[in-house]
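My notes follow the order in which I looked things up.

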Amino acid sequence: MTLAEAVARAGAAKDERALADLRREVDDDLEAAARSASYQERAVAYRAIGQLRFNQKTELLRRGLEDTSPACRGSALLSLELLSRDHPGLVNAARPRLHSLANDDPNPAVRRLAVMSLKNGSPTPDTITLLAHLGAEAEERELRDAAMAVHRALKKKASAR
């Protein structure tokens, strides 16, 4: 079974046991794809981690955030955002890299995805300040809008504490 087939089956998986069986079946293929020379294969692997809810592969996602390919960084960010909905520690552990991607990545889509991932972490002052700055100063309208939306959400979360 290919990673793409496993991801398609993951969407139809009825329970956690079926999903665990899928993860076991593609574990080696996912590892190999994440180390592939082809950025397309790496991107599929990074995206599959989130779609298969493969929490044991978060170290691969960290590697994906450092990848030279914007497609791979974006795929890793999508998976990080998905997995961190229930586990904010993932975002908190990757916060310095997410700040760097949101502020400095040359690809605007990667910057927006990094901002969207930050919403699932703790509302730290440095993140709130970065988002306020991006919301006011970013050149791309979509990035400004995303930064302001996440800024508002984190401010609300901080005030609820």
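Predicted model: local features only at pLDDT ≥ 70, side-chain atom pairs only at ≥ 80, totals over all residues.

**Salt bridges**

I began with the total, and the structure holds 14 salt bridges.

I looked up arginine 35 and found its side chain in a salt bridge with that of glutamate 31, at 2.7 Å from N to O. Glutamate 31 is partly exposed, and its relative accessible area is 22%.

Next I took arginine 42, which forms a salt bridge with aspartate 67; their closest N and O atoms are 2.7 Å apart. This pair links distant parts of the chain, since arginine 42 sits in helix H3 (residues 39–51) and aspartate 67 in the loop between helix H4 (58–65) and helix H5 (70–84), 25 residues apart. Are arginine 42 and aspartate 67 buried or exposed? Both residues are buried.

I also noted lysine 119 and glutamate 81, whose side chains meet in a salt bridge at 2.6 Å, N to O. Here too the pair links distant parts of the chain: lysine 119 is in the loop between helix H7 (108–118) and helix H8 (125–137), glutamate 81 is in helix H5, and 38 residues separate them. Lysine 119 is partly exposed, at a relative accessible area of 28%. Glutamate 81 has a relative accessibility of 11%, so it counts as buried, the cut-off being under 20%.

**Helix H3**

I checked the length of H3 against expectation. Its 13 residues should span 18 Å at 1.5 Å a residue, and the end C-alpha atoms are 18 Å apart, so the two agree. The buried residues of H3 are Arg42, Ala43, Ala45, Tyr46, Ala48, Ile49 and Gly50. I looked for what covers them and found, among others, helix H1 (3–12), helix H2 (16–34), H4 and H5. After H3 comes arginine 53, which has a positive phi near 50°.

**Helix H7**

Which residues of H7 are buried? I listed Val110, Arg111, Ala114, Val115, Ser117 and Leu118. They cover an arc of only 160° around the axis, so they lie on the same side of H7. An α-helix has 3.6 residues a turn, so residues three or four places apart point the same way. The cover over the buried residues of H7 includes H5, helix H6 (89–104), H8 and helix H9 (141–160).

Last, I looked at the N-terminal end of H7, which asparagine 107 caps. A side-chain oxygen of asparagine 107 lies 2.9 Å from the backbone nitrogen of alanine 109.

Notes
Residues numbered from 1 in each chain as written. Heavy atoms only, no water. Salt bridge = Lys/Arg side-chain N within 4 Å of Asp/Glu carboxyl O. Buried < 20%, exposed > 50% of the residue type's maximum accessible area, 1.4 Å probe, protein only. Helix = DSSP H or I, 4+ residues; strand = E, 2+ residues; numbered from the N terminus. Expected span 1.5 Å × (residues − 1). Contact = heavy atoms within 4.5 Å. Arc of directions from axis to C-beta. Polar contact = N/O pair within 3.5 Å; in protein donor to acceptor, adjacent residues only side chain to side chain.
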